[in-house]
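These are my notebook entries on one chain. I set down what I looked up, entry by entry.

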Amino acid sequence: MMESKLSRRVAVEPGIWHEPDDGKVQLIGMRCPNCGEITFPKTSRCLYCQNEEVEEYLLKNEGTVTAASVVTRPPAKHYRGPVPFAIGFVELEDELRVWTPLASSDPEVFKSGMEVELVLQDLYQNDEGDTVVGFAFTPKEEALR
Ligand SMILES: [Zn+2]
């Protein structure tokens, strides 16, 4: 996380992603050494074989949209993020499908088959003046800007 005297960036929920100082952000999943299944978010036991000796696994940060829709009203009373926004399924390279926010200047842009990349997006200012950030997948050409 970036730190400054004026304002901090805080995660909307801790332990969801890994943000290295010199690389791209990755979601933290779980891999089962017994059956090889990978899940996200992380769980304390394997959902497939019930093995409890699971390990953290950093997911690939690129994938393909398989379904998307646009949410035009706040999804919950206390929701403070942007509206409208897109949400959908992204299939990560050879791993698994995740249900995820989709970020773009145009929420209508997401179509099945579009290649996307994981980013962190500023959601809102909290009462302490910190910027709350969450993860989302964005079209690759927008991630390069
Ligand atoms: Zn397993």
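**Strand pairing**

I began with strand S1 (residues 9-11) and strand S10 (residues 131-139), which pair in the parallel sense over three bridges. I took strands to be DSSP runs of E of at least two residues and helices to be runs of H or I of at least four residues, both numbered from the N terminus. I counted two strands as paired if DSSP finds at least two bridges between them. Within this pair, I found Arg-9 opposite Thr-131 in S10.

I then turned to strand S9 (residues 115-125), which runs antiparallel to S10 and is joined to S10 by nine bridges. Here Gln-125 stands opposite Thr-131 in S10. I also looked up the hairpin of S9 and S10: five residues lie between the strands, and Gly-129 takes a positive phi near 85 degrees.

**Basis of the entries**

I note that the model is predicted: local features need pLDDT of at least 70, side-chain atom pairs count only at pLDDT 80 or more, and totals for chains, interfaces and linings use all residues. Residues are numbered from 1 along each chain as its sequence is written.

**The chain as a whole**

From the N terminus on, the order of elements is β-β-β-β-β-β-β-β-β-β-α.

Along the principal axes, the C-alpha atoms fill a box of roughly 45 × 40 × 35 Å.

Buried residues make up 21% of the 145 residues; a residue is buried if 20 or more other C-beta atoms, placed from the backbone, lie within 10 Å of its own. Of the contacts with a separation of 6 or more, 49% are between residues 24 or more positions apart. Contact requires C-beta atoms, placed from the backbone, within 7 Å.

**Domains**

I noted domain 1 (13-59) and domain 2 (61-145), with bounds from an automatic or database domain assignment. Their centres, taken over C-alpha atoms, are 20 Å apart. The contact takes 11 residues from domain 1 and nine residues from domain 2. On the side of domain 1 that touches domain 2, strand S3 (26-31) and strand S4 (38-39) are the elements that give two or more residues.

Methods. Two residues are in contact if their C-beta atoms, placed from the backbone, lie within 7 Å. A residue is buried if 20 or more other C-beta atoms lie within 10 Å of its own, exposed if 12 or fewer, and partly exposed in between; C-beta atoms are placed from the backbone.
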